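This report describes strand pairing, aromatic contacts and helix packing in a predicted model. The sequence and structure come next.

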Amino acid sequence: MMFLAIDIGNTGTKFGLFKQDESFEMTFHFPTASIIADENIKTELLPKIAALGTLDSIIIASVVPKASEALTEILACSHEEAKIKVLKNSDVPIVNTYHTPEQVGIDRLLSSLAAYRMFGKEAKKPLIVISLGTATTIDCVNADGEYLGGIITLGVESSAKYLHHIAAQLPEIDLAFPKNILGKTTTESIQSGIMNGAIAMIEGLVQKLHQENFAGKEVIVITTGGLSEFFKGKVSMINHLAPHLVLEGIAFTVSKQFYHDRTRTFTHHSGA
């Protein structure tokens, strides 16, 4: 059995191949906007998927309905042999204590599920999961694996683009840490504000979430998402870097045979 897990995010879409008794392999990314606009699908996306071989099923988790609808239609024609399913929140095997459970982004639920199965269950400890993408989300999972809720704020790259958009004299910057907190140029000043500001925000919010929900308990802190590598070694409280938690969450949701509590099926990094 072999299946393709697809994580459709606001900016990018990740594809991960899972095989029985084999390691998970991150295969490729594709711009979500290109899926919606049907750009380069036939020339770039479909050949990459075809190169993966015969697929028994294709499982999609999406926070962009237009993209998942378009991709499902395309894959139904190109992979008639595969079962295609778009996951709903109710498909994710996690207790969801949100007051409006249907409103939680499925990516947040899947990341929380994977983080608990990989790091929290055996340790019997609560978790705080930080996802750094188009938005920055910080979610809490208790020691029983229940999703408690979290925080949503503008993402790092989104913040930089928005600042450039609303301020006529501020340039668009590359995401990078300047040498010093104190910027000596406008670019350095913006970089410091965006990057170091993100660290201060993350550390402050994690500390407050810890105090409010897990006072007196040891918490495992995990970061994931497309921008997580930028903050490796920068945030001292992060215990693990696991960039593909949504894909891992899809894998566990689909079939437990691909996922064992004591097995790490992808490469992750301990420490920030």
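## Two buried phenylalanines

Phe15 and Phe28 are both buried. In the strand pairing, Phe15 stands opposite Phe28, which belongs to β3.

Strand β2 covers residues 12-19 and is mostly covered, with six of its eight residues buried. On one hand, β2 pairs with strand β1 (residues 2-8): the two run antiparallel and are joined by seven bridges. Three residues lie between β1 and β2, and the two strands form a hairpin. Within the pairing, Lys14 of β2 has Asp7 standing opposite.

Strand β2 also pairs with strand β3, residues 25-31. Six bridges join β2 and β3, and these strands too are antiparallel.

## Aromatic pairs

How many aromatic pairs does the structure hold? There are four aromatic pairs. One of them is formed by Phe3 and Phe18, whose rings are stacked at 5.3 Å centre to centre, with 10° between the planes. Phe3 sits in strand β1 and Phe18 in strand β2, so this pair ties together parts that are 15 residues apart in sequence. Phe3 and Phe18 are each buried.

Phe15 and Phe28 make another stacked aromatic pair, with 4.5 Å from centre to centre and 25° between the planes. The angle falls under the 30 degrees below which planes count as stacked. This pair links distant parts of the chain, as Phe15 is in strand β2 and Phe28 in strand β3, 13 residues apart. The two phenylalanines that stand opposite each other in the strand pairing are thus also an aromatic pair, and both are buried.

## Packing of α2 on α3

At what angle do helix α2 and helix α3 pack? The angle between α2 (residues 41-50) and α3 (residues 65-78) is about 65°, and the axes are 12 Å apart. The crossing in which α2 passes α3 is right-handed.

Which residues meet where α2 and α3 are in contact? From α2 come Ile41, Leu45, Leu46 and Ile49. From α3 come Leu71, Ile74, Leu75 and Ser78. By class, this contact has seven nonpolar residues, one polar residue and no charged residues.

Note on methods
Residues are numbered from 1 along each chain as its sequence is written. This is a predicted model: local features need pLDDT of at least 70, side-chain atom pairs count only at pLDDT 80 or more; totals for chains, interfaces and linings use all residues. Side-chain values use heavy atoms; hydrogens and water are left out. Axes are lines fitted to C-alpha atoms, for helices over the stretch in contact, and angles run from 0 to 180 degrees between N-to-C directions. Helices (H or I, at least four residues) and strands (E, at least two) are DSSP runs, numbered from the N terminus. A crossing is left-handed if the near helix is turned anticlockwise from the far one by less than a right angle, and right-handed if clockwise. Contact means heavy atoms within 4.5 Å. Ala, Val, Leu, Ile, Met, Phe, Trp, Tyr, Cys and Pro count as nonpolar, Asp, Glu, Lys and Arg as charged, and the others, Gly among them, as polar. Buried means under 20% relative accessible area, exposed over 50%, partly exposed in between (1.4 Å probe, protein chains only). Two strands pair if DSSP finds at least two bridges between them. Rings of Phe, Tyr and Trp (its six-membered ring) pair if their centres lie within 6.5 Å; planes under 30 degrees apart count as stacked, over 60 as edge-to-face and the rest as tilted.
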